[in-house]
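The sequence and the model are shown first.

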Number of protein chains: 2
Amino acid sequence: MPANLSQSRYNQRGVSSDKGDVHKVVDKLDGGLFPGAFCKVTEDLLTNDKELCNVIHSDGAGTKSILGYLWYRETGDANVFRGIAQDSIVMNLDDLACVGIWDQVVLSSTVNRNARNFPGEALAALIEGTEAFLQTLAENGINVKSGGGETADVGDLTGTVAVDSCAVAVCPRDKIVDNARIRPGLSVVGLSSCGQSTYETFENSGIGSNGLTSARHELLSSHYREHYPETFDPQTDLQYVYCGPHRMTDRLPESNLTVGEALLSPTRTYLPVVKRIVEELDQNLLGLVHCSGGGQTKCLRFGTRVHHVKDNLFPIPALFKEIQGVSGTSDEEMHQVYNMGHRLEVFCLPEAASRVIELSREFGIDAQVVGRTEESQKDDGGNHLTIERDDLTLQYG
Amino acid sequence: MPANLSQSRYNQRGVSSDKGDVHKVVDKLDGGLFPGAFCKVTEDLLTNDKELCNVIHSDGAGTKSILGYLWYRETGDANVFRGIAQDSIVMNLDDLACVGIWDQVVLSSTVNRNARNFPGEALAALIEGTEAFLQTLAENGINVKSGGGETADVGDLTGTVAVDSCAVAVCPRDKIVDNARIRPGLSVVGLSSCGQSTYETFENSGIGSNGLTSARHELLSSHYREHYPETFDPQTDLQYVYCGPHRMTDRLPESNLTVGEALLSPTRTYLPVVKRIVEELDQNLLGLVHCSGGGQTKCLRFGTRVHHVKDNLFPIPALFKEIQGVSGTSDEEMHQVYNMGHRLEVFCLPEAASRVIELSREFGIDAQVVGRTEESQKDDGGNHLTIERDDLTLQYG
């Protein structure tokens, strides 16, 4: 069975796309005010106002920072970490966007570094990248401020650097987008993860900050294994370590980008678009899903008695095609790990779909109805997902 | 020069107590509303109220998590990570306490783990430890809630686990304790870092979550080097790796604790005491310093035209004595890295000192006037510090 074989290949690197043991622990915790929402939403402890609620969220660049590190070591260009700062921030902001929060957000960052390998100039680039990205957001009407951060010298914990952020907001309860409202009969509009939006300065490959452990090892060659032992887990069988064909400077097939540029493409934020969508759609908007960990299957966790059907997905971006091509990863797993073409899903009444598409395109981001929600076909009414793409049919849940 | 020799020994492990290159980068950033305060305090973006301000703070357990990992591997007891959760939280809360915030705090945690080495049961202990510690705080009138967290499987970034937290508060501007008010003529009351407070269930060794890289390698023996290569930076010269005499099960000299228990002693929070001190002292309170990174020299960064004089310090706790004894670390460096007896300093009018001591002792925490502030003796009026202990005189700044 190729699917299982491939899943095993993924697990060989000590990561899992479903984080089964994490969910087993975390799912026991109190779900907050809106257990079906994309982020945990809690009572307003910060100002003690019954009309308000608090959202605090943590996430980071994950192992994408290692790609930044490799680039930095190979080229001496510390500016690559400006993009890593953006990755860490957007992984938080675009999650917050999925509960309808895009403004008045305060964030903080944590850098756990090996000070020998990640020196002051690299740290400076992270901080400059943070400020520059927040400036870009401000120019698009999105008010996010950094309230500080922490840099820890922990060379015994990491050979390179881990970059994480935390974002917090206080918001009226009646403004929360609650994905529990996702129900049968809706249109699903996908917002493309690639191309170049009006607020980006380079073409985006479509990669976010998920699946980078796998992408890095599958695409990059043994050159990196030989020269940068600090960038992989020595417990991983060497056959799974940097076992791909490419140097970062290689041209990515069917793309204007090099492999390194494509892998390091900073995670796109959808905030400027989400702001417009939430403001305009109001009750016609039923839910928002950031296709982060879990990729195209992320939607499975959201909605009530829903069969998610996606039968009109975007063409697969060049980077994901190349990952699949060189690794032989199954279609099933590719859609579980990567966004495969759109990283944001808008669940809306069918009559509102065309407006969502228009709004997205105003920002230079392609959008289309990628699917719909139907009644769950499971006896227990649980959510499930069907993906149809060309001759392919994938079932999840 | 033993001091330099010793400093070099510390740097050999890829860490620095002064984080010079970090400050060089960070000190350029906007200092916020109260640039002299212990934490960065910003305008209230969260609720947009001119009377309020926001504080967001990030810190973590640092390499203390590695001690938890070693304990877990040797004993199979995952509950050790309950203490690590407390470490990560207190490193934030006790910093916030130093700007006068002890209540209505929301926090979030990030766990960057090697899923092979740090499995679900260890993660469960971290989460249970968080909930249990917040419950203890609640029983002492301190209202802190966890709003969620993130667990990332990043085996290429770490062989073990990094545990970080972020804490946020919204607070009236006129309630902020601003350490810029620290001026000549004040008493400095130190609150002991060891013993057992009324709200602790075990004796505390006095260690916080600073200096643990050094303490671990100086105290623990080559047993750990041989068995746990995932717990140290392979770039460190082996002569500096686990080069001490002890197993974690050894009795710590002059103590009821084992070496492992002493090193893993969860970071004490001073919040219940700070709450009482801030409430009672009001204008008699001029500043609060958490002796975290920088140890007894942390105060140098705070106050205006101040010569900090500490000439009545607590006796050195057994754990710090043993670290110094086995490593030959200089007195100068010991006081730069470790708290050496008290982890919280209260700067107050001399007539208020006895009340601070009483309040602290009500919680079973010993306290005494450890020093005073005098006029700066430097030409530029900059802060400096003199520590006198027995025949020893140390000068900093």
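A:G60 has A:D164 as its bridge partner in β5(A) of this predicted model. The strands concerned are β2 (residues 52-60) and β5 (residues 161-172) of chain A, which run antiparallel and are joined by 9 bridges. Both belong to an open sheet of 5 strands with mixed pairing, ordered β1-β2-β5-β3-β4 (chain A). β1 (42-43) and β4 (144-153) of chain A each have a single partner strand, so one side of each has no neighbour in the sheet. Helix α4 (residues 80-97) of chain A lies across β2, β3 (105-113), β4 and β5 of chain A, at about 145 degrees to β2(A).

A second open sheet, also of mixed pairing, has 7 strands in the order β7-β9-β6-β10-β8-β11-β12 (chain A). Its edge strands are β7 and β12 (392-396) of chain A, each pairing on one side only. On average, neighbouring strands of this sheet are turned by 20 degrees against each other, direction ignored. β11 (residues 384-389) of chain A runs antiparallel to β12(A), with 5 bridges between them; A:R389 stands opposite A:L392 in β12(A).

| Helix | Strands touched | Angle to β7(A) |
|---|---|---|
| α4(A) | β7 and β9 of chain A | about 160 degrees |
| α9(A) | β6 (187-192), β7 and β9 of chain A | about 165 degrees |

The domain assignment divides chain A into domain 1 (1-29 + 177-397) and domain 2 (31-176). The contact between them takes 46 residues from domain 1 of chain A and 43 residues from domain 2 of chain A. The C-alpha centres of domain 1 and domain 2 of chain A are 20 Å apart.

Between domain 1 and domain 2 of chain A an area of about 3,600 Å² is buried, 66% of it from carbon and sulfur atoms. A:V177, A:L264 and A:L271 supply 19% of the area that domain 1 of chain A buries against domain 2 of chain A, more than any other three residues.

The polar side of the interface comprises 17 residue pairs in polar contact, both residues at pLDDT 80 or more. The rule finds 2 salt bridges across the interface of domain 1 and domain 2 of chain A. A:E74 forms a salt bridge with A:R247, with 3.6 Å between the closest N and O atoms. Elements that give two or more residues to the domain 1 side of chain A include α6 (212-219), α8 (259-264) and α9 (271-281) of chain A. The largest share of that side, 6 residues, comes from α9(A).

Definitions and conventions:
Residues numbered from 1 in each chain as written. Chains lettered and ligands numbered in written order. Predicted model: local features only at pLDDT ≥ 70, side-chain atom pairs only at ≥ 80, totals over all residues. Heavy atoms only, no water. Pairing = 2+ DSSP bridges. Helix = DSSP H or I, 4+ residues; strand = E, 2+ residues; numbered from the N terminus. Contact = heavy atoms within 4.5 Å. Axes fitted to C-alpha atoms, helices over the stretch in contact; angles between N-to-C directions. Domains from an automatic or database assignment. Buried area = accessible area lost by both parts, 1.4 Å probe. Salt bridge = Lys/Arg side-chain N within 4 Å of Asp/Glu carboxyl O. Polar contact = N/O pair within 3.5 Å; in protein donor to acceptor, adjacent residues only side chain to side chain.
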